[in-house]
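Thanks for coming. Please have the sequence and the view open.

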Amino acid sequence: MRAVVQRVSSSKVTVNENTIGSINKGLLVLLGVTHEDTSLDVDYLLEKIVNLRIFEDENEKMNLSLKDVKGELLVVSQFTLYGDCKKGRRPNFTNAAKPDLATKLYEEFIKKAIKEGIKVETGEFGAHMMVELVNDGPVTMLIDSEKNF
């Protein structure tokens, strides 16, 4: 499982010109799932994301987590995180999980984040979405449950 995590002062996602998810201070999480992912990958990524110290403290040091600042999450499915661009010019998406598994783990990630007491907004799985964000910093992190980066 992979995530692109962006610290934002605001972010929203629209489908067919309708806003379906919107947050203020928090994290935009673009979430990708591969075939071998399980609930263990969900747990690893969620724990890492909500406790990652990428918010500034009173000394302007990145010392605080999403939980510490009571931030919000906007979670958007993104199968293209498993696009392979090594050969040719057209990405290969065979490493992306099929929709049944990807949907299950995406929804599990969201449910577990809510159980952590975090306000969570979402995109729409499988839809063509427009994502807007104000990247605060900018701060962008890449996280992979296989620890590839």
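There are two aromatic pairs in this structure. For a pair, the ring centres of Phe, Tyr or Trp (its six-membered ring) must lie within 6.5 Å; planes under 30 degrees apart count as stacked, over 60 as edge-to-face, and the rest as tilted. This is a predicted model, where local features need pLDDT of at least 70 and side-chain atom pairs count only at pLDDT 80 or more, while totals for chains, interfaces and linings use all residues. Residues are numbered from 1 along each chain as its sequence is written, and side-chain values use heavy atoms, with hydrogens and water left out.

Take Phe79 and Phe93. Their ring centres are 5.1 Å apart and the planes stand at 65 degrees, so this pair is edge-to-face. Both Phe79 and Phe93 lie in the loop between S6 and H2, so the pair ties together parts that are 14 residues apart in sequence. Helices (H or I, at least four residues) and strands (E, at least two) are DSSP runs, numbered from the N terminus. Phe93 is partly exposed, at a relative accessible area of 33%; buried means under 20%, exposed over 50%, and partly exposed in between, with a 1.4 Å probe and protein chains only.

Now Tyr106 and Phe125. Here the centres are 5.7 Å apart and the planes are at 50 degrees, so the pair is tilted. This pair links distant parts of the chain, with Tyr106 in helix H2 and Phe125 in the loop between S7 and S8, 19 residues apart. Which of the two is buried? Tyr106 is, at 4% relative accessibility, whereas Phe125 is partly exposed at 30%.

That brings us to H2, residues 99–115. The helix has 17 residues and reaches 24 Å from first C-alpha to last, close to the 24 Å expected; the expected span is 1.5 Å times one less than the number of residues. Its buried residues are Ala102, Leu105, Tyr106, Glu108, Phe109, Ile110 and Ala113. They pack against strand S3 (26–32), helix H1 (39–51), S6 and strand S7 (120–122), contact meaning heavy atoms within 4.5 Å. After H2 comes Gly117, with a positive phi near 85 degrees.

Next, the core. A nonpolar core is a set of buried Ala, Val, Leu, Ile, Met, Phe, Trp, Tyr and Cys residues joined through side-chain atoms within 4.5 Å. The largest one has 28 residues, and Leu27, Leu31, Ile49 and Leu73 touch the most other members. Strand S1 (2–15), S3, H1, S6, H2 and strand S8 (130–144) each give two or more residues to this core. H2 gives the most, with six. A second, separate core of 11 residues includes Val8, Ile23, Leu30 and Leu74.

Glu72 is in strand S6, residues 72–77. Is Glu72 buried or exposed? Glu72 is buried, with a relative accessible area of 14%. Its side chain reaches the backbone nitrogen of Asn24 at 2.7 Å. Not counting residues up to four places away in sequence, Glu72 touches Ile23, Asn24, Lys25, Gly26, Leu27, Leu66 and Lys119.

Last, the hairpin. S1 and strand S2 (residues 18–23) pair in the antiparallel sense over five bridges, where pairing requires at least two bridges found by DSSP. Two residues separate the strands, and Asn16 in the turn has a positive phi of about 50 degrees. Val15 has Asn18 in S2 as its bridge partner.

Notes:
A polar contact is a pair of N or O atoms within 3.5 Å; within protein, one must be able to donate a hydrogen and the other to accept it, and residues adjacent in sequence count only if both atoms are side-chain atoms.
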